[in-house]
Amino acid sequence: MKTIDFSSYALSHNGTPLTSRKHDSNLTLFFGDYKLTSDIKDGRAFWWSTDQLWLRGHGFQQNPDEVKWRFEHVDGARFTLNEFNYDILSFKGGSFRFVTDNGSVTVSTNSDSNFSSLTNKTYTPSEKIRSGITYADFIIKPNSVLIDWSEMDMDMDTDMDMGEDWDGQMQLELNSLNIS
């Protein structure tokens, strides 16, 4: 078994290991012979420090888009993802799915209307989903709640119509992957 711990990354296969902050909507990072690519319309992917690899999605619309990390071998070789360790933070809840070319499973859902977190969770996918795969997708989808700002008590002396906005956020932090 091999552990991918994300303590450093490269911007190309066999590239120079880096530990400087990197973030973008569509980010590709290399970890030895494996790469992790984000697919994001509304959010960001971050490699922030040696123990902070994040994927963040925003719920700034009624039905927010999913946000995804795709993990795969650079040559398309098959592998087994035995388990992974993760943290999730959410504001207004959301869902986290694990998808491979063999199937998918919901890892976590949360409908909490405020802030919630899961830390240092280890997930072991079923043998059917994790074995002989060419990719593993880590997909989050934040919930979105319509907030009527005009009903908020802002302790203001003036009467302001601030309108309504969709709001929500979910962040997945991958801590490690164990593969064989």
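Which residue forms a salt bridge with Asp137, the closest N and O atoms being 2.7 Å apart? To find the partner, open the model, which is a predicted one, and select Asp137 together with Arg70: these two form the salt bridge in question. Arg70 belongs to strand β7 and Asp137 to strand β12, so the contact ties together parts that lie 67 residues apart in sequence.

Lys68 is in strand β7 (residues 67-73) and Asp137 in strand β12 (residues 136-142), so parts 69 residues apart in sequence are tied together here. Asp137 counts as buried because its relative accessibility is 4%, under the 20% cut-off. Arg70, at 26%, counts as partly exposed.

Next, select Arg78 and Asp101. Their salt bridge has its closest N and O atoms 3.9 Å apart. Arg78 is in the loop between β7 and β8 (81-91), whereas Asp101 is in the loop between β9 (94-100) and β10 (103-110). Arg78 is exposed, with a relative accessible area of 57%, and Asp101 is partly exposed at 32%. In total, the structure holds six salt bridges.

Finally, turn to the largest pocket by selecting Ser8, Tyr9, Phe30, Phe31 and Gly32, which lie nearest its centre among 16 lining residues. Strands β1 (2-4) and β3 (28-31) each give two or more residues to this lining, and β1 provides the largest share, three residues. The lining comprises seven nonpolar, seven polar and two charged residues, and the pocket volume is about 190 Å³.

Terms used. Residues are numbered from 1 along each chain as its sequence is written. This is a predicted model: local features need pLDDT of at least 70, side-chain atom pairs count only at pLDDT 80 or more; totals for chains, interfaces and linings use all residues. Side-chain values use heavy atoms; hydrogens and water are left out. On a 1 Å grid over the protein atoms alone, a cavity is a set of points where a 1.4 Å probe fits but cannot get out, and a pocket is an open set with protein on both sides within 12 Å along at least five of seven lines; lining residues have an atom within 4 Å of a point. Grid points are joined across faces, edges and corners, and a volume is the space filled by probe spheres set on the points. Helices (H or I, at least four residues) and strands (E, at least two) are DSSP runs, numbered from the N terminus. Ala, Val, Leu, Ile, Met, Phe, Trp, Tyr, Cys and Pro count as nonpolar, Asp, Glu, Lys and Arg as charged, and the others, Gly among them, as polar. A salt bridge is a side-chain nitrogen of Lys or Arg within 4 Å of a carboxyl oxygen of Asp or Glu. Buried means under 20% relative accessible area, exposed over 50%, partly exposed in between (1.4 Å probe, protein chains only).
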